[in-house]
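Hello,

Here is the structure I promised to pass on. My notes follow it.

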Amino acid sequence: MTHDLALPLPAAHSTGSDRQQSTVQRCQLFLLLTPESVSGTDRTSLLSRIERFATLTTDPSPAIAFLLFVGPVQSPSSNSFHAYMTLQIWLHEMATTSPPILPIASPAQLLPLLKTFVAPSPPTHRGPAAPSSRSLLRQITATAPARPLSEHSTNVLSDICHSIGEVATMTASGQGMQVLEDFLGEQDAKNIESFWAEEWICE
């Protein structure tokens, strides 16, 4: 089976030569993975499945939903985050372009978050160019602006967290801080934690 979930999208309409509109049902395809998918599955088999999934010619492109916990524990563990990061590393090593991956904390959040993901974006008005998310990530440390995060640490942090909000969430728990320390080192992790504790503002 190439995918695990197919979420219907708002109907699009196409006009035929007879000028009659026909409804075209489109779906967003998802591959549903868990920490067990990474730790309990052969890497080659998993990446082979992901590569087949990534080659599906669908519009929109397929995506991976990564469920951080599925058991009785009510919050993701450090093992969950490690499995998630391991999968991120594997995807970066793929020869083909990897699908986007959506971390989801709990089964209860699965459907609401996927519905948000496929919801049409509201129209936006073009304004002044905003700073890139990567340049902002470099400033999320207590030593900025004099000493922002290094390029290497910024790259690693952007792999771990997909938004500045996710960085704040990671620093709010002991498990999240452990993940940051494992991948960034103790000093960078503490400086990032101090940034949020002291309520620094990036301008």
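Predicted model: local features only at pLDDT ≥ 70, side-chain atom pairs only at ≥ 80, totals over all residues.

Leaving aside neighbours within four places in sequence, Thr 171 is in contact (heavy atoms within 4.5 Å) with Met 177, Leu 180, Ile 192, Glu 193 and Trp 196. Thr 171 sits in helix α7, residues 164–171; helices are DSSP runs of H or I, at least four residues, strands are E, at least two, and both are numbered from the N terminus. Thr 171 is buried, at 11% relative accessible area (buried is under 20%, with a 1.4 Å probe and protein chains only). Its side chain reaches the backbone oxygen of Ala 168 at 2.8 Å.

A word on the source. Residues are numbered from 1 along each chain as its sequence is written, and side-chain values use heavy atoms, without hydrogens and water.

Next, the nonpolar cores (buried Ala, Val, Leu, Ile, Met, Phe, Trp, Tyr and Cys joined through side-chain atoms within 4.5 Å). The largest has 36 residues; Ile 50, Phe 66, Leu 87 and Leu 157 touch the most other members. Helix α3 gives the largest share, 7 residues. Apart from this core lies another, of 11 residues, including Phe 30 and Leu 110.

Finally, confidence. The chain averages a pLDDT of 76, and 76% of the residues score at least 70. Strand β2 (residues 12–15) is lowest, at a mean of 49, and α9 highest, at 89. Over residues 17–22 the pLDDT is below 50.

Best wishes

How values were computed: Buried < 20%, exposed > 50% of the residue type's maximum accessible area, 1.4 Å probe, protein only. Polar contact = N/O pair within 3.5 Å; in protein donor to acceptor, adjacent residues only side chain to side chain. pLDDT = per-residue confidence, 0-100.
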